[in-house]
Amino acid sequence: MPSGHGPFPVCVVVHGGFWRAQYDRSLMNDLCLDLAARGIAAWNIEYRRVGLGGGWPETFLDVAAAVDHLASVGAPLDLARVFAVGHSAGGHLAFWAAARPTLPDGAPGTTPVVAIGAVVSQAGVLDLALAAAIKPSAEPTRALLGPPEEDPTRYELASPRARLPLGIPQLLLHGDRDETVSLRIATSYAAAARDAGDPCELRVLSGVGHFEHLDARSFVWHAARDWLVDQASATRS
């Protein structure tokens, strides 16, 4: 929480790690502290990961429940100013959480209680059909959802690209030296978002790989943080 009395805007923060069990939300601790220092409450969420009870639909149900739980938190939060940021697989889940209003009745995560008003991807896996087809994202994506040819409906419900338009501001940050999540995934999503009429900005970061996004001192994180601060200020005005 920021210092002061609030009510404060809040950012849902989602860690990555290709949805695997060995990674947890502690990856995002420093980023959360930095958000709080700038007046934004940080909600660092956890979810079941592959190898620890996660997959379809458990991972998605957990993310939806974590976001909606903001409505029950006894803290001075401004739920008209809720944003999200996620790294890698967390970028995918942050964008999926923002896309929940587009889900059909009966789908996992449908009918959100708390709406996300803007979202940032830090090298996010935003196009799951493409991610399942190229290395090195193919194996972990298929571990999460299964092969797309076996159940394409899962990919339609789980992939942010398939849920467009989201109807909210979006920022994509992706390094041109990222060897973990291909830049092709960001460019595919950004082109589709623009074609769908969404306000989506892609910034390709020169000389940046995959993990600089997690350094709270880096200009890479500052780009995400400052954009979120601007969104919070714009929403208030």
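Modeller: Gladly! Please keep in mind that this is a predicted model. Let me start with the cysteines, since they can be settled quickly. The structure holds 0 disulfides. For Cys-11, the closest cysteine sulfur belongs to Cys-32 and lies 7.9 Å away, which is too far for a bond because a disulfide needs two sulfur atoms within 2.5 Å. Cys-200 is in no disulfide either, and its nearest cysteine sulfur, the one in Cys-11, is 17 Å away. Cys-11 is buried at a relative accessible area of 1%, and Cys-200 is buried too, at 10%.

Now to the pocket you asked about. The largest pocket has a volume of about 160 Å³. Its lining includes Gly-16, Gly-17, Phe-18, Arg-20, Tyr-23 and Leu-27, along with His-87, Ser-88 and Thr-180. His-210, Phe-211 and Leu-214 are also among the lining residues. Sorted by kind, the lining has 5 nonpolar residues, 6 polar ones and 1 charged one.

Most residues other than glycine have a negative phi. Phe-18 is not a glycine, yet its phi is positive, about 55 degrees. You will find Phe-18 in the loop between β1 and α1, where α1 covers residues 29-37. Phe-18 is buried, with 7% relative accessibility. Ser-88 also has a positive phi, near 60 degrees. Its place is the loop between β3 (77-87) and α3 (89-98), and at 2% relative accessibility Ser-88 counts as buried.

While we are on the backbone, there are two peptide bonds to find. Most peptide bonds are trans. The bond joining Gly-6 and Pro-7 is cis, with omega about 5 degrees, and Pro-7 sits in the segment before β1, which spans 8-14. The bond from Trp-56 to Pro-57 is cis as well, with omega near 0 degrees. Pro-57 belongs to the loop between β2 (41-45) and α2 (58-68).

Finally, let us turn to the charged pairs. The count comes to 13 salt bridges. In one of them, Arg-38 pairs with Asp-34, with the closest N and O atoms 2.5 Å apart. Arg-38 is partly exposed at 40%, whereas Asp-34 is buried at 12%. In another, the side chains of Asp-226 and Arg-225 meet at 3.0 Å, N to O. Through salt bridges that share partners, Asp-34, Arg-38, Arg-225 and Asp-226 join into one network. A further salt bridge links Arg-142 and Glu-149, with their closest N and O atoms 3.7 Å apart. Arg-142 is partly exposed, at 32%, while Glu-149 is exposed, at 58%.

Ser-188 lies in helix α7, which runs over residues 183-195, and Ser-188 is buried at 18% relative accessibility. The side chain of Ser-188 makes a polar contact with the side chain of Arg-161, at 3.1 Å.

Terms used. Residues numbered from 1 in each chain as written. Predicted model: local features only at pLDDT ≥ 70, side-chain atom pairs only at ≥ 80, totals over all residues. Heavy atoms only, no water. Buried < 20%, exposed > 50% of the residue type's maximum accessible area, 1.4 Å probe, protein only. 1 Å grid on protein atoms, 1.4 Å probe; cavity = no way out; pocket = protein on both sides within 12 Å on 5 of 7 lines; lining within 4 Å. Points joined across faces, edges and corners; volume = space filled by probe spheres on them. Nonpolar A, V, L, I, M, F, W, Y, C, P; charged D, E, K, R; others polar. Salt bridge = Lys/Arg side-chain N within 4 Å of Asp/Glu carboxyl O. Helix = DSSP H or I, 4+ residues; strand = E, 2+ residues; numbered from the N terminus. Polar contact = N/O pair within 3.5 Å; in protein donor to acceptor, adjacent residues only side chain to side chain.
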